[in-house]
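Here is a friendly walk through a few local features of this model. Have the sequence and the 3D view open as you read.

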Amino acid sequence: MTDSSDFVVVGAGLAGAATAWQLASRGHQVTLLERNVPASHDGSSHGSARIFRYAYPDAFYTRAVLESKALWDGMADASGTSLITPYGAVDYGPERNPRLLASVLAGKGIEHELLSAAEARRHWPQIAFDTEVLWHPGAGVIDAEGAVNAMVNLAVGHGARLVTGWELQSVERTGAGYRLRSSTGETVDAGNVVISAGGWLPGLLGQLSLPAGFLAGLPEITVRQEQAFHFKYRDHDGGAAAGATAPGARGWPTFIHKAAEIQAYGLPGGRDAGHAGQKVAEYNGGRLIPSAAEQTGEVDPANRRRVVDYVRRYLPGLDPEPYAETTCLFTNTPNEDFLIDRADNVTVLSPCSGHGAKFAPLIGQWAADLATGAGNVPGRFRTASSTAVTT
């Protein structure tokens, strides 16, 4: 027997869970299929530590963060769960251009302050700043796994059906819509399909019954097996949330540091590593893999050395030997824009290029609008539709 649903969403990570929630809350019949479990540890949405920030050099994204924050607040109210912890953020480094970031924040009325390196070192002596610094206190840390579970629960509360342990193999056209087939031969019929498969997307694109012209117009999608390392605070209270609006607030902020030799980011590691230290990683420092199916979970020693050397040089407030480490997946487009596009009744989203977590509820809203025809998404995310020749 084949089950059926008006909308089938494939993938219960942040984007897929958000889409299922949005669709179900609008009264649609929704089935959410997940190859493992929601926020699975071999995907991109696990753990308790993702950066929430407003600072972008592109005002489009800063405006989108403002829209997303309103949805985060609504989700927190609906779920009774706090999902963003305030820590504030610092941005610095010769390639980060804090002044440009400050001008974008000013244009959107977002609280911020530009500090000299010396001023910033007085506020945060645990960080060896090498340029002037942008501070914005509205930033914080997202509990990614908590957010996924909250959105799945909200979707189910609106009548959605969650099916776990269901690995998609193919999507086939039928007279009435589509038939999705699992790796074990199970089938689900759908009038509309949303594919939110993260790092598995490159391996699935050829199995989705999409027009050739649409496929040809998609941006290149690459997958990296990234590494993140946890370093203990020399001051055991260093990870306490700031929760304040002044740069002198106690505790470690999140940071993005773009030096000539490395782009690094860090944030309080939360429960991922026992609340004992800062999570630090090199942005896009991992190796390329064909798809998530080829990940090994093995940390690259060369990447570990680069990050340890970085901590020794720039983060004197941390013990430079990692006490925990992990791998994760970044699914990227060349310009780091998202992919939220549709052909026929199949919606494809969203390689989030390492910065998409903060937009999760907004991505779900955009995807639901596109899938139902209730609205559109920004054209920059629909390059395949704009260039496709229907075949």
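Strand β12 (residues 187-195) runs antiparallel to β11, and four bridges join the two. Strands here are DSSP runs of E with at least two residues, helices are runs of H or I with at least four, and both are numbered from the N terminus; two strands count as paired if DSSP finds at least two bridges between them. Across this pairing, Arg179 stands opposite Asp189 in β12. The hairpin of β11 and β12 has four residues between its strands, and Gly185 there takes a positive phi near 90 degrees.

On to the other partner of β11. Strand β10 (residues 168-174) pairs with β11 (residues 177-182) in the antiparallel sense over six bridges. Leu168 has Ser182 in β11 as its bridge partner. These two strands also form a hairpin, with two residues between them.

## Helix α1

Helix α1 covers residues 14-25, twelve in number, and reaches 16 Å from its first C-alpha to its last. That is close to the expected 16 Å, where the expectation is 1.5 Å times one less than the number of residues.

How many of the residues of α1 are buried? Eleven of the twelve are, with buried meaning under 20% relative accessible area (1.4 Å probe, protein chains only). Among them are Trp21, Gln22, Thr19 and Leu23. Just after α1, Gly27 takes a positive phi of about 95 degrees.

## About the model

This is a predicted model, in which local features need pLDDT of at least 70, side-chain atom pairs count only at pLDDT 80 or more, and totals for chains, interfaces and linings use all residues. Residues are numbered from 1 along each chain as its sequence is written, and side-chain values use heavy atoms, leaving out hydrogens and water.

How values were computed. Buried means under 20% relative accessible area, exposed over 50%, partly exposed in between (1.4 Å probe, protein chains only).
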